[in-house]
Amino acid sequence: MTASRQYNIFRFLRRFLFAWCYKSFFMTSAMRVKLLRLAGVHIGKYCFIGHHVLFDDLYPENIYIGDGTTITTGTKILTHFYSPKIKDYEVGEVRIGRHCFIGLDVLIVKPVTIGDHVVVGGGG
């Protein structure tokens, strides 16, 4: 199997995991966290990930979430944008500290570092 074919299969499986985590209403937060870790997101201990939280599926390895952080429903975390100037993706990291609370419908984009014990209000 060629390297590009392996990459395409891995990318397909990763997108499937993200879609399943996003759409599954009856999935517990603990199961959602385990699946997101499997897909490449760095998530600490005792985290809560709510329903309909959307993670960047192209570069999930650039997302870091600290221990004890709560991310509520509707939050979107993006680590890349397409730049028409350079005709390629601009990629950055998103780091969320320990014991943070991210409110409803917040959009977090690259590059950003949210410190420890921070509350980000809802974006709705």
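Student: Is Arg-95 buried, partly exposed or exposed, and what is its relative accessible area?

Tutor: The model is a predicted one. Exposure is read from relative accessible area: under 20% is buried, over 50% is exposed, and partly exposed is in between. Arg-95 has 34%, so it is partly exposed.

Student: Which residue does the side chain of Arg-95 meet in a salt bridge?

Tutor: That residue is Glu-93, with an N to O distance of 3.0 Å. Glu-93 is partly exposed as well, because its relative accessibility is 32%.

Student: How many salt bridges does the structure hold?

Tutor: There are three salt bridges. One of them joins the side chains of Arg-98 and Asp-116, at 3.3 Å from N to O. This pair links distant parts of the chain, 18 residues apart: Arg-98 is in the loop between S9 and S10, and Asp-116 is in the loop between S12 and S13. Arg-98 is partly exposed at 39%, and Asp-116 is partly exposed at 39%.

Student: Which side chain meets that of Glu-90 in a salt bridge?

Tutor: The side chain of Lys-110 does, with 3.4 Å between N and O. Glu-90 is partly exposed, at 35% relative accessibility, whereas Lys-110 is buried, at 15%.

Student: With which strand does S7 pair, and in which sense?

Tutor: S7 pairs with strand S8 (residues 88–91) in the antiparallel sense, over four bridges. The two strands form a hairpin with four residues between them. In the turn, Lys-87 has a positive phi of about 55°. His-80 belongs to S7, which covers residues 80–83, and stands opposite Val-91 in S8.

Student: Is His-80 buried or exposed?

Tutor: His-80 counts as buried, because its relative accessibility is 15%. Its side chain has a polar contact of 2.5 Å with that of Asp-56. Leaving out residues up to four places away in sequence, the residues that His-80 touches include Leu-58, Tyr-59, Tyr-89, Glu-90 and Lys-110.

Student: What should I look for in a phi value?

Tutor: His-99 has a positive phi, near 55°. Its place is the loop between strand S9 (94–96) and strand S10 (101–102), and at 42% relative accessibility it counts as partly exposed. His-117 has a positive phi too, near 60°. His-117 sits in the loop between strand S12 (112–114) and strand S13 (119–120), and is exposed because its relative accessible area is 57%.

Student: Which residues have the most contacts inside the largest nonpolar core?

Tutor: Nonpolar side chains tend to be buried together in soluble globular proteins. Here the largest nonpolar core has 25 residues, and those with the most contacts inside it are Phe-55, Ile-65 and Ile-96. Helix H1 (3–23), helix H2 (29–39), strand S4 (63–65) and S9 each give two or more residues to this core. H2 gives the most, with four residues.

Student: Which residues are in contact with Ile-65?

Tutor: Setting aside neighbours within four places in sequence, the contacts of Ile-65 include Val-41, Ile-43, Cys-47, Ile-49, Phe-55, Ile-71 and Ile-96.

Conventions
Residues are numbered from 1 along each chain as its sequence is written. This is a predicted model: local features need pLDDT of at least 70, side-chain atom pairs count only at pLDDT 80 or more; totals for chains, interfaces and linings use all residues. Side-chain values use heavy atoms; hydrogens and water are left out. Buried means under 20% relative accessible area, exposed over 50%, partly exposed in between (1.4 Å probe, protein chains only). A polar contact is a pair of N or O atoms within 3.5 Å; within protein, one must be able to donate a hydrogen and the other to accept it, and residues adjacent in sequence count only if both atoms are side-chain atoms. Contact means heavy atoms within 4.5 Å. A nonpolar core is a set of buried Ala, Val, Leu, Ile, Met, Phe, Trp, Tyr and Cys residues joined through side-chain atoms within 4.5 Å. Two strands pair if DSSP finds at least two bridges between them. A salt bridge is a side-chain nitrogen of Lys or Arg within 4 Å of a carboxyl oxygen of Asp or Glu.
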